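Dear colleague,

I am passing the structure below on to you, together with a short account of what was found in it. Please keep in mind while reading that the model is predicted.

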Amino acid sequence: MTVTIYGVYRSRASRNIWLCHEMGLPFVHVPVIQAYRLPDNGAGHDGMTTQSPDFLALNPAGQIPVLDEDGLVLTESLAINLHLAKKHGGALGPKDGTEDALMTMWSFWAATSAEPHTIEILYNRVGKPPAERDAAKADAAIAALQRPFAALDKALAKTGFLVGGRFTVADINVAEVMRYARPAPELFATAPHVDAWLTACHARPAFKAMMAARDAEPA
Ligand SMILES: N[C@@H](CCC(=O)N[C@@H](CS)C(=O)NCC(=O)O)C(=O)O
């Protein structure tokens, strides 16, 4: 069995690599980089980019991450994590159909109710060069996240985890999306359970190992 993850650390591949570290699952890492981050869209780059013909054969959408597990190719980062946790994750994955449904629900919640807004905060508060940042977009995203933050805070109030009263793939999937909102501390100030939960997620050795490798990667 060989698990291969395509995608640099500075991408949504981070969530898959964090999970693999949590599971102690060995994987082959192919650091495919976003072509748009390179001069001339990666023409002449020595290595695979999201626009390399070999990579487009794997994912015609030209996006990372991609998982290849013995010929099973998956292209959605959160679906990759749900699959890996079910197959290799033990207690990180669902123990029954109810937990499976809740982990799926939270992952879809992250992708649809949170990430379109959290990514705007990341881009427009820290990610883009200062001259390209749009403060109005960040403010709109913060306004749109008021209700999702309140909902997440309520969900975390009881046990400090999202599903099953323990740390699972649902926490990883949602935490990686909420990480993008950290440059908006005003959101966390009104959601103390979210703040404490994300801080605890980021204190985990597996997360720290992923982040250390990410920080070592060229920006
Ligand atoms: N929904 C996808 C989004 C993937 C995505 O947007 N990946 C970015 C990097 S984080 C990418 O590959 N961008 C290159 C491009 O769109 O050209 C997922 O979560 O897997």
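To begin with the ligand, one of its oxygen atoms is 3.0 Å from an N or O atom in the side chain of Arg-12, and an oxygen atom of the ligand is likewise 2.6 Å from an N or O atom in the side chain of Ser-77. Glu-76, for its part, places a polar side-chain atom 2.8 Å from a nitrogen atom of the ligand. Besides Arg-12, Glu-76 and Ser-77, the residues around the ligand include Ser-11, Gln-34, Tyr-36, Gly-62, Gln-63, Ile-64, Pro-65 and Thr-75.

Two of these residues also deserve a look for their backbone: the peptide bond from Ile-64 to Pro-65 is cis, with omega near 5°, and Pro-65 belongs to the loop between α2 (53–58) and β3 (66–69). In the loop between β2 (28–30) and α2 you will find Asp-40, which has a positive phi of about 55° although it is not a glycine.

Turning to the helices, the axes of α6 (residues 146–157) and α9 (residues 192–202) come within 7 Å and cross at roughly 70°, which means that α6 is roughly perpendicular to α9. The crossing of these two helices is left-handed. On the α6 side the contact is made by Phe-149, Leu-152, Asp-153, Leu-156 and Ala-157, which meet Pro-192, His-193, Val-194 and Trp-197 in α9.

Methods
Residues are numbered from 1 along each chain as its sequence is written. This is a predicted model: local features need pLDDT of at least 70, side-chain atom pairs count only at pLDDT 80 or more; totals for chains, interfaces and linings use all residues. Side-chain values use heavy atoms; hydrogens and water are left out. Axes are lines fitted to C-alpha atoms, for helices over the stretch in contact, and angles run from 0 to 180 degrees between N-to-C directions. Helices (H or I, at least four residues) and strands (E, at least two) are DSSP runs, numbered from the N terminus. Angles under 35 degrees count as roughly parallel, over 145 as roughly antiparallel, 65 to 115 as roughly perpendicular and the rest as oblique. A crossing is left-handed if the near helix is turned anticlockwise from the far one by less than a right angle, and right-handed if clockwise. Contact means heavy atoms within 4.5 Å. A residue is near a molecule or strand if one of its heavy atoms lies within 4 Å of it. A polar contact is a pair of N or O atoms within 3.5 Å; within protein, one must be able to donate a hydrogen and the other to accept it, and residues adjacent in sequence count only if both atoms are side-chain atoms.
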